[in-house]
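Dear colleague,

I am handing over the structure we spoke of, with the sequence alongside.

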Amino acid sequence: MGDQLERLGSDAMGLVEGASSAKDELCMEIDPPFRENVATAEDWRRALNKVVPAVVVLRTTACRAFDTESAGASYATGFVVDKRRGIILTNRHVVKPGPVVAEATFVNREEIPVHPIYRDPVHDFGFFRYDPGAIQFLDYEEIPLSPEAACVGLEIRVVGNDSGEKVSILAGTLARLDRDAPHYKKDGYNDFNTFYMQAASGTKGGSSGSPVIDWQGRAVALNAGSKSSSASAFFLPLERVVRALGFLQKGSDSYVNKWEAVTIPRGTLQVTFLHKGFDETRRLGLQSETEQVVRHASPPGETGMLVVDSVVPGGPAHKHLEPGDVLVRVNGEVITQFLKLETLLDDSVNQNIELQTERGGTSLTVNLVVQDLHSITPDYFLEVSGAVIHPLSYQQARNFRFHCGLVYVTEPGYMLFRAGVPRHAIIKKFAGEEISCLEELIAILFKLSRGARVPLEYISYMDRHRRKSVLVTIDRHEWYAPPQIYTRVDSTGLWMAKPAFQPDSLLLSSCINDAGSLAVQMFSVSGEANGMEDLHQSNNQELTDGVTSMETNCEDTCDETRPRDDSVGTKKRRVEDELSANTNIVADCSLLDTREVKLEDSNTLQNAVLRDFQGATATTANASFSERVIEPTLVMFEVHVPPSCMLDGVHSQHFFGTGVIIYHSQSMGLVAVDKNTVAISSSDVMLSFAAFPIEIPGEVVFLHPVHNYALVAYDPSALGDSGFSVVRAAELLPEPALRRGDSVYLVGLSRSLQATSRKSIVTNPCAALNIGSADCPRYRATNMEVIELDTDFGSTFSGALTDEHGRVQAIWGSFSTQLKFGCNTSEDHQFVRGIPISTISQVLDKIISGAKGPPLLINGVRRPMPLVRILEVELYPTLLSKARSFGLSDDWVQALVKKDPIRRQVLRVKGCLAGSQAETLLEQGDMVLAIDKEPVTCFHDIETACQALDKCDNTDGKLNLTIFRQGREIDILVGTDVRDGIGTTRVINWCGCIVQDPHPAVRALGFLPEEGHGVYVARWCHGSPVHRYGLYALQWIVEINGKPTPDLEAFVNVTKELEHGEFVRVRTVHLNGKPRVLTLKQDLHYWPTWELRFNPETAMWRRKTIKALGCNTV
C-alpha cells in the first residue's frame, strides 16, 4: 500500500515491541524443534526457476480514500495461485477495501489489468483476477499453497518487488510461528485474531504480497509487513487463504468474462483475542484445575490460551465478555488456537454458540449469536464536496471503540474541512437532527440549498467523550460534482456511482435572473464522477514514522517538485482546527435568511444587539481617536480555497486576515485586502465586521495583476438596517504621500474582532520589494514600493495605517515569500508592509465611475471592471553610485538626482514576462532612464506613463523608452499589455491533473515552450491516472498522441476524442525546459474529464462534464 499507510505507525508500537521482548525470547525456546535443512543450491535454483515466472509486480491505485486507506498509487507484489481461473494472491492492503485500479506485470514485462474479487475483512490477504489468455509469451505455473510445511528453522526465500526492484530474492529462516499480529497504526488497518510468522529477511517497501517459498517451490506463507527498526519480516499463515481460495474455485471452473460474485462465509463476535502464556493466564485468575484440563485436551507443546483483549461496543459480545476473560471452551470444545476458533465462527454464521470463560477465577457461560462479518464491512460510500463518508467498518470500530455502522468521515474533502471536521470524525448530528446512519445524512443533505449554513456535531476517537459543534456551509459554487453514492460490484471489481438524490424528486435549480439576485438552489444531479483532490491535511493527520510497516512501495516518493495544498510549517493564516472545532454553533441560518426573513420585531432585536455591541466597543480602554474612527471600517476575512481549483500556485487552502472597507452604499460594499489573504478568485470568502456582529459572504471582484491587493464585494442589504447604519467606509487620504518621520496609527483586528492600534513612525516610505520566486510559482509582489515602520504587531497582524484623524493612508498588508535553506529545503514565510492607498483609490474611482472594461455582476448589477495597462517587465532599483560604475554618464546621473534627490536610484530590468510585448525588446540588466525623454526613477513613474497611454486615443500602447545597455544609450518603443482583475477563470481536470493557462508567476520565469504553452499543469490528484503514471505539476502539456495542444480549447478537442481505458502518449515540457514523453491510461470511470469556469454574467463558477464513461461528449 502507499506511504500513507506504510509509514504511519502507532506511537505506542515501540513500547509494545519492547514489552514483549521477554516473551519473544521465551517463545524461541518452546517452538517446535529445528528441522535439518537438506536443500542444496541446485534445489533452490530449480524452485526459483519455477516460482519467479508466477510472481507479478502489482501497480495499484486507490482512486478514493476509503475505510483504513488513503487515496494514492503504489507498487506491490502478488503471485499466481490458480492459472486456469486467473487468480492472483496478495495482501488485503494491496487489494484495498475501496475503489482500486490495478495492473500486473509479469517477469517478461507483459502487463495485464487485474480486478479485485475478494479482500478479507480482517486478515491481510486478498485476490485479484486476470485473463490467463492475455499472457501470450510466458510459460509459467501456479505456485501451490502449503501452509502445513511451515516450521521453525525452515529456510525460505521471499520473491518479490522489494524496494521497487522488479525481482528481488531475499533469504531467511523461519524463527517463530506464533508471533502476535503486527500493529501498524492506531487509526488504520491492523490484522488480529491470528498468529504471524517471523523471519529476519529484511524486506522493505514493495514486497507486500510476496510468496514465502521453501526449497520445493511451495508457498508456505504470505509476506505482509516488517519492522523498520530491525530486519524482522512478518508473514501471514496460509490456512485461511487456502479456505477462501477454495470457495472462489468452486464458483467457477475456469476464467469467464463475467465473474460471478462468490460469498465466503465469515463470522465474528466483534472480539479481539490475544494468545497469552499459561503463566499470564494464571495471573489473570485461571484456576489450576481448568489449566490442567486445557493442557490435557490441547496438542503437545501448547503454551497458553486465548484471552479477550477488546470488545467492540454494540457487538454480539458487548456486555457479555470483558477484557481479561480467558476463553476455555466453545460449544463444549477446548479452544486455545486462533485457527480453531475462527473455523468454528466461520461455520456458524447467524447461529448460536456457547462460550465458557473464566473471569478472575469465576467460570462464566454465555450464549452468543455469531454475526456475519461481511454485514459490518461497508461496501458503499457517499461522496459530497470531495468528502468520502460511509458506515464505520469493523476495522475502525475496533480501533476507535465505537459502534459499527456509525457515519464515518474517511476524507473530509472541502465542505467538511472548511468547517473544521477532521479525518476519522463520527457525525452525530446535522442540521439539528440526530444522525445514526448514512441514509439519514443523505436525507438531510437533500433538503439543503446551496449556500445554506447549518450546524454539525461530531466526535473523534481522540476526544471521544465530548461532542464538537461546527458550522457547515453548503457549497454555493459548483466546486464539486453533485453528491454521489458509490457501491461495490464484486462481479466486476468496480464501484458504480449513482446520484445520491433521485432526479425526479429534486426541485430544479433556480438560475440567476437578469437582476442578478441569487436564488436558492438545490443540488443538481449529473452523471459525472468526482475524485479526491491532492489534499494534504497535515493538521488532521498524525504523520509519524512507524515501528512496523507494510511492504508496499508508494509512488509519492518522486523526485519532481509538486505543490502541496496545505503543508506543515509556519505558513501564514492557517487557522487551527481547534479554532473552529471548539466553537459551538447555536443558530441555523442560510446566506439569504437576513434578506428574506423579516419578523415584526426584528429591527427591535437588531437595535438591542447593536446597542450592546457598541457599548462593549465604546468601553475599550485607552482607545485612540483614530482607532475609534477606523474600527467600523475593519473587516475580518476567512478565506477557503477548494482543492478542486487551487489555481495560480496558491500555496494553502485556508487564509485569515484583515481588510478595510473603502466603499459602502445601498447597492455595493467593497473591501480592500492583501493578496496573501485573498490570493485567487476561485475561493469562498466570509466577512466578519468589527462594527456589527454578523458574518456574510463576499465575492472577489478585482485582483490587481501587480500590486498586492484585492477588492472583495459584499451585499450591504445582508447586514440588515441596523448593521448597514453602523458599518461605514473609511475615508481615504491618497495625498499627500507619506514621508520619512511621519507619525501614523497602525490599526487592525485581533482574532476576537477587537480593534488594536499603535502609534508608529514611518522609517522608509518607499522601500522597494525584492521577493524571489517560490519552488512552485505563485503570486509575488513585484515593481512595488512599500512603507516600513519603526514597529509593528508581528508578521501576521494586518490592518490600516491612518493619520490622527482616522483617514487611511495605506493598507498594512501581508506579503508571501519563501525562505530557502540549502538546495532542497525551503519554508514559506510572510512579512507585513504598508501599501499606499493611492493605487487602490485609483481603481476604486474607475469602478464607481464605470470606466471601460469587462462587465461583472455585483449584487445583481452589471458593472464594468477596470482594465490595467502595465509594462510586463520586472524591475529593481540600483543605486546611482553602482550605475556610474556600469558606465552611466554624469549627465544622466545628475538628471536622475535632480528628478528624485531622495531615492538616488535608477531602475534596471530583472527580466521580462514570457509572452509579453517587451519580451524581445528589453534585456536583463538594461537601465530604464526615461520615458518620452522624461527621467524615471521609481515604479510609480512607469505606472503613470502607462496610465497616460489609456487617456490618449491615438496611441498604439507603446512607451518611448530611453535605456542604457552595455555602455550605449538606446531609444526604443516598447509595447505594454492590458490585463484584467479577474484572474484565472477556467480550469480543466483531465485524468486527475488540473490544467490552466500559465499564470503571471509562471510567465515571470521568462520561459514558455515554443511548441505551445496554453496547457499548464497546476495540480494533480491523489489516486488518479496522472498520479499513477507520474504526470505531476509544474509542466506544460504540449502534445497528446502527437496532436499539438497550444491552448485549452485545443486540449479539450483532443482529449474528448480519447476513450476509456485507452493508453495516451503525452509530451510535456517542464519549467526547467526539459522535454519528456510519458504514457498514461485514461480512466473515465473514476476520473471523468470536466471543466470549471467562471461566468461574469452570473458571478458563479459552473462545472461542466466534458467526457465521462457512458456520457456523450459535451
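The lining of the second largest cavity is made up, by class, of 10 nonpolar, 4 polar and 2 charged residues, where Ala, Val, Leu, Ile, Met, Phe, Trp, Tyr, Cys and Pro count as nonpolar, Asp, Glu, Lys and Arg as charged, and the others, Gly among them, as polar. A cavity here is a set of points, on a 1 Å grid over the protein atoms alone, where a 1.4 Å probe fits but cannot get out, and lining residues have an atom within 4 Å of a point. This is a predicted model, in which local features need pLDDT of at least 70 and side-chain atom pairs count only at pLDDT 80 or more, while totals for chains, interfaces and linings use all residues. Residues are numbered from 1 along each chain as its sequence is written, and side-chain values use heavy atoms, with hydrogens and water left out.

The second largest cavity holds about 150 Å³ of space, a volume being the space filled by probe spheres set on the grid points, which are joined across faces, edges and corners. Of its 16 lining residues, Asn193, Gly267, Thr268, Glu342 and Leu345 lie nearest the centre. Strand 13 (267–268), strand 14 (271–277) and helix 9 (338–346) are the elements that give two or more residues to this lining, and helix 9 gives the most, with 4 residues; helices (H or I, at least four residues) and strands (E, at least two) are DSSP runs, numbered from the N terminus.

Leaving aside residues up to four places away in sequence, Leu711 touches, among others, Ile662, Val701, Phe702 and Ile847, contact meaning heavy atoms within 4.5 Å.

Strand 37 (residues 695–703) runs antiparallel to strand 36 (residues 684–689), joined to it by 4 bridges, and 4 bridges also join strand 37 to strand 38 (residues 710–714), again antiparallel; two strands pair if DSSP finds at least two bridges between them. Strands 36 and 37 form a hairpin with 5 residues between them, and strands 37 and 38 form a hairpin with 6.

Three places in the backbone deserve a look, given that most residues other than glycine have a negative phi, and most peptide bonds are trans. The peptide bond from Glu735 to Pro736 is cis, with omega near -5°. Asp67, although not a glycine, has a positive phi of about 55°, and at 3% relative accessibility Asp67 counts as buried. Asn350 has a phi near 65°, but Asn350 is exposed, with a relative accessible area of 58%; buried means under 20%, exposed over 50%, and partly exposed in between (1.4 Å probe, protein chains only).

With best wishes

Conventions
1 Å grid on protein atoms, 1.4 Å probe; cavity = no way out; pocket = protein on both sides within 12 Å on 5 of 7 lines; lining within 4 Å.
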